[in-house]
Amino acid sequence: MSEHGISNLSREDRVFEPPAELAAQANVTADVYDRAAQDRLGFWADAARRLTWGTDFDEVLDWSSPPFAQWFVGGKLNVAYNCVDRHVEAGHGDKVAIHFVGEPGDTRDLTYAELKDEVSKAANAIEELGVESGDRIAIYMPMIPEAVIAMLASARVGAVHTVVFGGFSSDALASRVEDCEAKLVITADGGYRRGKPSSLKPAVDEALAKLGDASPVENVLVVRRTGEDVPWNGDVDVWWHEVVDESSTDHRFTEFDSEHPLFVMYTSGTTGKPKGILHTSAGYLTQAAYTFWATFDHKDDDVYWCTADVGWITGHSYITYGPTANGATQVLYEGTPDTPHKGRWWEIIADKKVSLFYTAPTAIRTCMKWGEQIPAEHDLSSLRVLGTVGESINPEAYVWYRENIGGGSAPIVDTWWQTETGAHMITPLPGVTAAKPGSAMTAFPGVTAEVVDDAGTPVGNGEGGYLVITEPWPSMLRTIWGDDDRYVETYWSRFKAQGYYFAGDGAKKDDDGAIWLLGRVDDVMNVSGHRLSTTEIESALVSHPKVAEAAVVGAADETTGQAVCAFVILRESAGDGGEDVVAELRNHVGKEIGPIAKPRQVMVVPELPKTRSGKIMRRLLRDVAENREVGDATTLADSSVVDLITAGMSGAKADED
């Protein structure tokens, strides 16, 4: 145990050096860390000047009123121009910007010249609908090119977009529309999911009905995707193909101040009043663009694919803004990894010759469960850099990903960042970092991350504590929409004396100083006075050859205060499980970590409760483990999963040792 109480139990001896060929041609080299450390503001100024400015900035950072930052003060630019027009002007208009793959199998390619025309038409159309600079637009869309076009068109006219994930309910949409006072909603009749149409427009109608006369929405702009009949209000509703398609491809854009609001992103899982994270233009685009180029080692001939939805921050920074600011070619996929078959992703990678691939650990573990024979059926030799996002990746899942998807050689960039940080904060660099499975390794150049104890003092190697950011960074959130006090209280009060941003995550440094994320501080359990990380216990379970995925929660226990409760999905090759398997897994955790971490109970389940974005909802598992009524499960991809787990909970307790 560490001096500061967070367990330091994971040991990882495997280290993967960067491939020599990639390292020799990498966009960034090892000296970038020293350069950034010696002149942090100069480093970010150079990154900013990779963009095109209408008016150059005269001050890199104004931190005179912390924690309220202003970056690139005095500068003016247009975000959409930087993401689209300038590539066309540079002679790259024929380059494919988006390879769209629809779930039913339809495909569509958009070049940068075509994307420029579509964004210009959409910008003209939304201005015709009365949207002006500073107005808010809510976007509630499936994963189709029009979602990206709508975001870029909003940025082009200086409107502030808030993208609401298409899997969210009408209540969630209504609360967000109300909070940011959206003037326009852009949606679609529906999208495709698991082989059939899934409607969206009715949820918009329900949301506006809930708001009633207080609704700020003047129009709903609707893309026809599925062709299903949808309710129609001629006073409010407008078809995209009737107004956007008929608009001019010429649009005169304005350059906006570097701190002009770009978007509000509402964090998922909030209770009560929604928490709208505000990002502004130049600082956000600078870091999203530079990290995309550096973290993925992006080259002009790469084909990139991020499997996230644009409704999440990953889809903002690493689909809509970062890749297009670099003139990248990317895949945009509407569907799921297992429709119409479990090899769908690998089929697309082989077909489009994807070279940079970015996905979530939960998806990788699902593919592990299905078996290595499925990716083996496809030619994945085009892949040269793999990435993960959303949570720490278990070491065994990391190695499986590297071997079965990356051909045993593609480096993995395990990225830590948040909605609030806007862009990558801690990650290996593929041509520089000798990476350890399960560790995000080190802060990105120009970012100052630290692990501190309760007093805010940095911990030593081999010790754990709280992850903080000690200096402002360009893509940082500027505030919570309409609530500066909440912004200060939520992110800056825990280490107020030091002026540190507290991410809410626990972390540790290993003996070499590499950073390991331990999950939310709330996910650290206190078992008989020992503080144990759920992430470490989950990794220990997944390291067992029979386990594909695991979720661990701490449940109240009269004897120990909290007890470890584990829910596991077995690999298909492991059979159905039974008492022998449960005992084997409990003993395995005891061996890997120590007797104190041995789960009180292990339940073999067919699936875990996940949101549509793939996040495991551990609070629902905690409700099950503590035998109380399960809380709100409306955001789950499949709410019946909780019923199955609850029904199977009886008899899952292991004999007490």
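Predicted model: local features only at pLDDT ≥ 70, side-chain atom pairs only at ≥ 80, totals over all residues.
1. On the cavities as a group, the count comes to four of 30 Å³ or more. The largest cavity has a volume of about 60 Å³, and about 50 Å³ of space lies in the second largest cavity.

2. The lining of the largest cavity draws on separate parts of the numbering, including Phe16, Glu17 and Pro18, then Tyr398 and Arg402, then Pro411 and Ile412. The lining also takes in Pro428, Leu429, Pro430, Thr433 and Ala435. By residue class, this lining divides into nine nonpolar, one polar and two charged residues.

3. The second largest cavity is lined by Thr162, Val163, Val164, Phe165, Phe168, Arg176, Met265, Tyr266, Gly311 and Trp312. Two or more of these lining residues come from each of strand E7 (160-163) and strand E14 (261-266). The lining of the second largest cavity divides into seven nonpolar residues, two polar residues and one charged residue.

4. Turning to annotation, an unreviewed UniProt entry lists residues 31-83 as "domain: Acetyl-coenzyme A synthetase N-terminal".

5. Arg49 is placed in the loop between helix H3 (40-48) and strand E1 (59-65). Its relative accessible area is 44%, so Arg49 counts as partly exposed, a class that lies between the limits of under 20% for buried and over 50% for exposed. When its neighbours within four places in sequence are left aside, Arg49 is in contact with Asp56 and Phe57, and the side chains of Arg49 and Asp56 are joined by a polar contact of 3.1 Å. As a further point of reference, Arg49 and Thr421 are 372 residues apart in sequence, while their C-alpha atoms are 21 Å apart in space.

6. Is Lys369 buried or exposed in this model? Lys369 has a place in helix H13 (residues 361-370), and it counts as buried because its relative accessibility is 13%, where the limit for that class is under 20%. Leaving aside neighbours within four places in sequence, the residues in contact with Lys369 are Ala548, Ile569, Leu570, Arg571, Glu572, Pro606 and Glu607.

Note on methods:
Residues numbered from 1 in each chain as written. Heavy atoms only, no water. 1 Å grid on protein atoms, 1.4 Å probe; cavity = no way out; pocket = protein on both sides within 12 Å on 5 of 7 lines; lining within 4 Å. Points joined across faces, edges and corners; volume = space filled by probe spheres on them. Nonpolar A, V, L, I, M, F, W, Y, C, P; charged D, E, K, R; others polar. Helix = DSSP H or I, 4+ residues; strand = E, 2+ residues; numbered from the N terminus. Buried < 20%, exposed > 50% of the residue type's maximum accessible area, 1.4 Å probe, protein only. Contact = heavy atoms within 4.5 Å. UniProt positions renumbered as here; feature names shortened; annotations may be inferred. Polar contact = N/O pair within 3.5 Å; in protein donor to acceptor, adjacent residues only side chain to side chain.
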